[in-house]
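Have the structure open as you read.

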Amino acid sequence: MVRWVQKAPAGLAALTVLLTGCGGSPQATWAVFPLQRRVPHDGLAVVSQPDGFGLHLFLETDTRDPAVCKPRWFADAARLFNGNGTAPFSAGLAPRSEFFAVVQRDSVLKALQRELQALCADRAPKARWQWVQPPTTASEVVPVALPALEEQDLLIDPAEELKREEALLKDEQSNP
């Protein structure tokens, strides 16, 4: 092989060096795989940028109706790091525009359907699975309505609590 390179025309050797030495700019792999947050099927990694960067989509279910389980969409995905490596992780938030772009890819939609259906089967095994398309624009994002706090859930005013404690201590000291 060394002899062939030595006998090859200079132009061919230079072309070989250029083709093998210059890989150009790195391309995204578009790898899509489950990346668990707390329980199986509750996260999906999407490597959408070069060097293993991408999104960590947080998957949730809507089981307000006990007969139906469907996706609950959060357009605020975490930034994925080391997505092409052995220990991918996420931190911080990625722009919503990236979420809207990745959920329009067929490979991502299929993985989302698979993971969310499995998550529904775990959380509500008797409920019927219903697919709901993810939002693709900011105007389609529906904020999650959290349950209202009731008065018994609210914290007591610290000054009022101190008065109650002092009254209890006085009662205890006067009644040995």
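The largest nonpolar core has 18 residues, and those touching the most other members are Leu-44, Leu-57, Leu-59, Phe-99 and Leu-112. A nonpolar core here is a set of buried Ala, Val, Leu, Ile, Met, Phe, Trp, Tyr and Cys residues joined through side-chain atoms within 4.5 Å. Buried means under 20% relative accessible area, exposed over 50%, and partly exposed in between, with a 1.4 Å probe and protein chains only. Strand 2 (43-47), strand 3 (54-58), helix 3 (96-102) and helix 4 (106-123) each give two or more residues to this core. Helix 4 supplies the largest share of the core, five residues.

The model is predicted: local features need pLDDT of at least 70, side-chain atom pairs count only at pLDDT 80 or more, and totals for chains, interfaces and linings use all residues. Residues are numbered from 1 along each chain as its sequence is written, and side-chain values use heavy atoms, with hydrogens and water left out.

Phe-99 deserves a look of its own. Beyond its neighbours within four places in sequence, Phe-99 is in contact with Leu-55, Leu-57, Trp-73, Phe-74, Ala-75 and Pro-135, where contact means heavy atoms within 4.5 Å.

Stepping back to the whole fold, the protein chain has five helices and eight strands. These are DSSP runs numbered from the N terminus (helices H or I, at least four residues; strands E, at least two). Along the sequence they follow the pattern α-α-β-β-β-β-β-β-β-α-α-β-α. Of the 176 residues in the protein chain, 26% are buried.

Next comes the disulfide, of which the structure holds one. The term is used for a pair of cysteine sulfur atoms within 2.5 Å. Cys-69 and Cys-120 form this link, with their sulfur atoms 1.9 Å apart, and at -80° about the S-S bond it is left-handed. The pair joins distant parts of the chain, 51 residues apart, with Cys-69 in strand 5 and Cys-120 in helix 4.

| Cysteine | Relative accessible area |
|---|---|
| Cys-69 | 0%, buried |
| Cys-120 | 3%, buried |

Strand 5 (residues 68-72) also gives the largest share of the lining of the largest pocket, three residues. That lining has 15 residues, with Asp-62, Arg-64, Arg-72, Trp-73 and Val-142 nearest the pocket centre.

Note on methods:
On a 1 Å grid over the protein atoms alone, a cavity is a set of points where a 1.4 Å probe fits but cannot get out, and a pocket is an open set with protein on both sides within 12 Å along at least five of seven lines; lining residues have an atom within 4 Å of a point.
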